[in-house]
Amino acid sequence: MKNKNVRGRTWLLLGVALLVIVHVLFKISTPFSLLEPAWGAGDLITFVGTITLGYVAYWQTYKANETEDRLLKIEENRYKLELRPFVVVANYFAYAKTQLDIIDNPDKTYVMVGKPEKDTDDVLCIELSLLNTTASYVSAKYENAEIIGSDDTWSHSLPNQKDEIIRLQSGETKPLVLYAPPKQFEDLKSEKIKLRFILENRFCDRYAEYFHIIIAALDGNLHGYSPKGNWYISMFIQEYSIYKFEYKNGEITEEQEDAHNGQA
């Protein structure tokens, strides 16, 4: 508002100064005919007025476009907050269990990404706490994972699971547990793993979300941790991206909507 007042006073002073200058110039006789004006003072003032009105029209158009951009930004933010599903990993844990314990008591959503030799063998569970960051209901389902730089992928099995879909209200957090033999995870330390999830909003619009995890440290004997219970784990979780499923030319494609290169 202060800048607008300054600009207004500046244009008023310039206008008055211009009128004074034009008045003085047309009162002074010129020694050369070449310097005699070919138009009148009124013509010059009309010309200047036209230029000024043109600038005012330009400024009004600029402000209107600026307002429209702000409205579009508000609508885009509303879409991201209310309509487009998105989840982040708010926390993570690691602990050991037997696969038989998981089968007998599936108290969470467990996904086997590597098969142990026997049901009684110990498996290492990496639990991801998925947080719904939007303002409305979201469903999330783990789809697959690939090891970047190799042809290796994680398997996807749900022994004795009633439902693999995690349903999240706004701001709600629920666990997803990925488990495999401990050695499988230990061999992946420092490797980049790309996880893929299928998300849906309350209108059943489908999206694909990707993010990468890097296991920086994993130890069952560090600082009093027991291989039979909690493990020490440190991970980087980064490069979130979201794609919307679109139907084009008879095929379903993924159109990227957003990407975030931060890390947790």
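Biologist: Leaving aside neighbours within four places in sequence, what is Leu178 in contact with?
Modeller: Taking contact as heavy atoms within 4.5 Å, and leaving aside neighbours within four places in sequence, Leu178 is in contact with Val111, Val113, Leu124, Cys125, Ile126, Leu128, Tyr142, Trp154, Phe185 and Leu195. This is a predicted model, where local features need pLDDT of at least 70 and side-chain atom pairs count only at pLDDT 80 or more, while totals for chains, interfaces and linings use all residues. Residues are numbered from 1 along each chain as its sequence is written, and side-chain values use heavy atoms, with hydrogens and water left out.

Biologist: And which residues touch the most other members of the largest nonpolar core?
Modeller: Leu178 is one of them, together with Tyr142, Trp154, Phe185 and Leu195, in a core of 40 residues. A nonpolar core here is a set of buried Ala, Val, Leu, Ile, Met, Phe, Trp, Tyr and Cys residues joined through side-chain atoms within 4.5 Å; buried means under 20% relative accessible area, exposed over 50%, and partly exposed in between, with a 1.4 Å probe and protein chains only. A second, separate core has eight residues, among them Tyr95, Ile102, Val177 and Tyr179.

Biologist: Switching to sheets, in what order do the four strands of the open sheet run?
Modeller: The order is S1-S3-S7-S2, with mixed pairing, where strands are DSSP E runs of at least two residues, numbered from the N terminus, and two strands pair if DSSP finds at least two bridges between them. S1 and S2 (109-112) are the edge strands, each pairing on one side only.

Biologist: How many bridges join S2 and S7?
Modeller: Four bridges, in the parallel sense, and Met112 has Tyr179 in S7 as its bridge partner.

Biologist: What about salt bridges, how many does a search of the whole structure find?
Modeller: Nine, counting a side-chain nitrogen of Lys or Arg within 4 Å of a carboxyl oxygen of Asp or Glu. In one of these, Arg196 meets Glu143 with the closest N and O atoms 4.0 Å apart; since Arg196 lies in strand S8 and Glu143 in strand S4, the pair ties together parts that are 53 residues apart in sequence.

Biologist: Is Arg196 buried or exposed?
Modeller: Arg196 counts as buried because its relative accessibility is 14%, whereas Glu143 is partly exposed at 26%.
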